[in-house]
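I opened this notebook page to record what I looked up in one structure. The entries follow in the order in which I made them.

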Amino acid sequence: MDDQPGSQKSSIIPGSGKVNNWAASPSHLCYHFGTSGLSIAVATGVTHPLDVLKVRLQMQLVGQRGPLTGMGNLLVHILKNEGPRSMYLGLAPALTRSVVYGGLRLGLYEPSKYVCEQVFGSTNIFFKIASGAFAGGFATALTNPVEVVKVRLQMNPNLRRGPIIELRRIVSEEGIRALWKGVGPAMTRAASMTASQLSTYDESKRILIRWSPLEEGFHLHLISSMVAGTVSTLITAPMDMIKTRLMLQRESKEVGNYKNGFHCAYQVLRTEGPRGLYKGGLAIFARLGPQTMITFILVEKLRKLAGLDAI
């Protein structure tokens, strides 16, 4: 039978029963990327104070070994000396980035899987990892300037200028290339996080549906997202720390002159020890765990309301 006008071409992913339709209408694509961006924006807003703590913890004792301030003590110090508003420094660029970055990071995962299925005839765990890595790396390359502005604002509680003025200042004083400082580690981190997060979530759902009584719904999404958040935190914490150091080189007199991500990692290991790579690790987990759960539970609900298949 000939395709009807406005119909969408579709294919079934082997072993999943899911139908993909990426010769889709503009409204389908809008819902697909919109639900992804909105869910990550909500999760980002809820967990932003933990992101501020993470950045501050990562900048402790740069180039030195010694006892580190814990997350609880740092929180009390910030609230006492800078006020509650400091916990939301950089929120505007964080939300702006999360809509674009989140929409692309989650939104490109399924089309990438679909391409793998069409080309290789399979969507096993390795293709899921590759799809997640591509989606995360590509999204980060586009949105790195917003991340640079966000991190700069988070480290400067006395800064009264907004994100647009800070963006202009960076370009005028440091050049436009400064907006892509740390893009290498940032892309590596995003590729690793998206690959580990989405592939783990996807596989956890598949395994739980097959070997447990769980079906598509809140409990399945909750358990799968908890597993995904734990795995992605362990893998990406060192890369997150390196990314932060590179982005703040100019802003902090304590930060060394790192040539690139590998040089930064070497210097941290040499001067601060292996623990240095996991500075802010607890804050990363405390943020990424809930953020992952909120993101996946919300995106699954939004996709259902929009008439889209579950991830």
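**Cysteines**

I looked up C264 and found it buried, at 0% relative accessibility; buried means under 20% relative accessible area, exposed over 50% and partly exposed in between, with a 1.4 Å probe and protein chains only. C116 is buried as well, with a relative accessible area of 12%. I found zero disulfides in the structure, a disulfide being a pair of cysteine sulfur atoms within 2.5 Å.

**Basis of the entries**

I note that this is a predicted model, in which local features need pLDDT of at least 70, side-chain atom pairs count only at pLDDT 80 or more, and totals for chains, interfaces and linings use all residues. Residues are numbered from 1 along each chain as its sequence is written, and side-chain values use heavy atoms, with hydrogens and water left out.

**Whole protein**

Of the 311 residues, 50% count as buried. I recorded 10 helices and two strands; these are DSSP runs numbered from the N terminus (helices H or I, at least four residues; strands E, at least two).

**Helices α5 and α8**

I looked up α5 (residues 125-154) and α8 (residues 218-247), whose axes come within 10 Å and cross at roughly 80°. Axes are lines fitted to C-alpha atoms, for helices over the stretch in contact, and angles run from 0 to 180 degrees between N-to-C directions. The two helices are therefore roughly perpendicular to each other, the term for 65 to 115 degrees. N144, E147, V148, V151 and R152 of α5 meet K243, T244 and M247 of α8, where contact means heavy atoms within 4.5 Å.

How values were computed: Parallel < 35°, antiparallel > 145°, perpendicular 65-115°, else oblique.
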